[in-house]
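Colleague: I would like to learn how to read a sheet, an interface and a salt bridge from a model. Could we go through them in turn?

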Amino acid sequence: MACLVNSSAFAFSGISPLHSRSDSVSRRSNFPYRTPTTVSIKNMPSKQDALRFPPLCQHGGTTRQGRRKTLSPIKSMQDHEALPEGLKPELMPKHVAIILDGNRRWAKEKGLSMELGHLSGGRVIKNIAFLCNKWGVKVLSIFAFSTENWTRPKEEVDFLMGLFEEVGQTYMDEVTRYNVKISAIGDKSKLPEPLQELVATAEETTRGNTGLHLLVALNYSGRYDIMQATKSIAGKVKDGIFQVEDINEILFEKELKTGCAKFPNPDLLIRTSGEQRISNFYLWQLAYTEIFFSKKKFPDFNEEDFIEALSSFQKRERRYGGNK
Amino acid sequence: MESKSDSYAGSLVASLLSRMRRFLFHVLSTGPIPNHIAFILDGNRRYAKKQKLKEGMGHRAGFLALMSLMKYCYELGVKYVTIYAFSIDNFKRQPEEVQGLMDLMLEKIEGLLKEESIVNQYGVRVYFIGNLKLLNAPVRDAAAKAMKATANNDKSILLICVAYTSTDEIVHAAQEAIEEKWGETQESSKASGAQNSDICQEKHKGHRTIKLADIERHIYMGLAPDPDILVRTSGESRLSNFLLWQTSTCLLYSPKALWPEIGLRHIVWAVLNFQRVHPYLEKRRKQV
């Protein structure tokens, strides 16, 4: 749900994010994007610029004549395509986590606004989620908004909150169609009320879905997660559910927000934009995670880069402190 | 005569290298110097295999590299150095290797206490961090002795993580924090002579008041500030359950060199990268 881009934000002068033609949004009956009314676009991107992402849905796209194909329902998100060459299915990570860094720097480099940077990043999330589902990754975590991001300029924070809401409303049908389960992890009580309601609805609606489990970290940090787990355990000790001596790593891990996922600990963490740090994302959960740092800014992170990260992961020897 | 001149030449070269190193550190010091560097000493066994050494010799070579590295760090002005010497997970290794590591640790801890050791040269206070109950008695006693013997050193600090994992550290801190709060709540109830229902309310409030500071007070690594740089050798890019709580904003650096191959150039590179990101991280810290 996070930064899934609403690319027709650019369409007010007929720019198509998918095509070089300026087809207007209204003519595409199955076009998945709606113009967000609240986004303010300060700089116009060129048609060549930054918007050339491959269509997300393999069943969509356009015909040669530029008419949009009808999107067919996807029965199962495990419907299949072979992995790219070089990747082995048995070595695919079960849980991939991403720190989506570099949206603003990317926009600045291209002379675009901060808003466009985030929108472009959101588009990449959607692509990655699709690829994860296609290739058998079970859980995808995205660090959408950190507890520390509240210190950003108000304009940016308001834009992001608005964007999360817009995206959630826009893509609920598609999420359902793709059988994706959504969970928002973080201190949701600090989010704007409409977003809290939307999150609750999204979680409820997708609770029974069995495809990719998308964990959206909203107002989350690793230390917050450990603190809330400690408080939760303290409450249970108080209520006599268990004793202090019973507290162990297995019990503690279940109390973390990632306890809602079948595979709570990422096998692979990807951080873009070249910065080599965790920035208070998962802490406990990264104990044995393989970390891949990509120099590319997040909006430039494409399928090839994702394959490179997966390939690097598959080559690593994971010893967990023991023998080979 | 030849051996005297050889040793004279050798000490001249060593002296020259030392002066060059100090000059380099002087130049680096024009920028911010990390206060705390942590190391995951990975690659000793692969080094032994690569150099066709006997089993166990890789760890000894690793120890020599550690001594050099400590010297570089303390000369540069790094106050805290933390090393991941032995993980709780390492107990899963072959018993012979584990025993060999315990014996090596015992030998080297005793070496640290000698007059001419680097610890006394640089005024280093040594701490052993971890679930020390898991260690055998001789190593545990030697560690306690080393901590006591260096308690008056105050120039720099060496934290040696043994029988340590971060998840064990966090669980331990949570247990201690909960027990402490539970104890405070019970004491305040007794002192006030409250009725049963009031005791229940006090207990209820007690569990709500666990704060970040409570965890940080009980965490093993609470003796030191969070690391500025975490270096893991051998090219592996993972934390292996080391300092998970503490490395939330730390620069991660994973040179391809195996631990016994680590050298001055790696430290210099790590510090230069730290200096590059330091202004941004300082700004973020102040905002938060």
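This is a predicted model: local features need pLDDT of at least 70, side-chain atom pairs count only at pLDDT 80 or more; totals for chains, interfaces and linings use all residues.

Colleague: In what order do the six strands of the open sheet in chain A lie, and is the pairing parallel or antiparallel?

Modeller: The general idea is that strands of a sheet pair through backbone hydrogen bonds, in a parallel or antiparallel way. In chain A the order is E3-E4-E2-E1-E5-E6, with parallel pairing.

Colleague: How many bridges join E3(A) to strand E4 of chain A?

Modeller: Five bridges join E3(A) to E4(A), residues 213-220, and the two run parallel.

Colleague: Which strands does helix H3 of chain A touch?

Modeller: Helix H3 (residues 154-177) of chain A packs on the sheet and touches strand E2 (139-146), E3 and E4 of chain A. The direction of H3(A) makes about 155 degrees with that of E2(A). Helix H7 (residues 303-315) of chain A also packs on the sheet, where it touches strand E1 (95-99), strand E5 (268-271) and E6 of chain A. For H7(A) the angle with the direction of E5(A) is about 140 degrees.

Colleague: Now the interface. How many residues does each chain give to the contact?

Modeller: Chain B gives 53 residues and chain A gives 42 residues. The area buried between them is about 4200 Å², with 56% from carbon and sulfur atoms.

Colleague: What polar pairs and salt bridges are found between chain B and chain A?

Modeller: There are 18 residue pairs in polar contact across the interface, both residues at pLDDT 80 or more. H7(B) gives the most to the side of chain B that touches chain A, with nine residues. That side has 19 nonpolar, 15 polar and 19 charged residues. The salt bridges between the two chains number four. A:Glu275 forms a salt bridge with B:Arg276, with the closest N and O atoms 4.0 Å apart.

Colleague: How many salt bridges does the structure hold over all chains?

Modeller: The total over all chains is 36. Within chain A, A:Glu255 forms a salt bridge with A:Lys236, and their closest N and O atoms are 2.7 Å apart. This pair links distant parts of the chain, 19 residues apart: A:Glu255 lies in helix H6 (residues 249-255) of chain A and A:Lys236 in helix H5 (residues 222-238) of chain A.

Definitions and conventions:
Residues are numbered from 1 along each chain as its sequence is written. Chains are lettered from A and ligands numbered from 1 in the order in which they are written. Side-chain values use heavy atoms; hydrogens and water are left out. Two strands pair if DSSP finds at least two bridges between them. Helices (H or I, at least four residues) and strands (E, at least two) are DSSP runs, numbered from the N terminus. Contact means heavy atoms within 4.5 Å. Axes are lines fitted to C-alpha atoms, for helices over the stretch in contact, and angles run from 0 to 180 degrees between N-to-C directions. Buried area is the accessible area (1.4 Å probe) that two parts lose on being put together, summed over both. A salt bridge is a side-chain nitrogen of Lys or Arg within 4 Å of a carboxyl oxygen of Asp or Glu. A polar contact is a pair of N or O atoms within 3.5 Å; within protein, one must be able to donate a hydrogen and the other to accept it, and residues adjacent in sequence count only if both atoms are side-chain atoms. Ala, Val, Leu, Ile, Met, Phe, Trp, Tyr, Cys and Pro count as nonpolar, Asp, Glu, Lys and Arg as charged, and the others, Gly among them, as polar.
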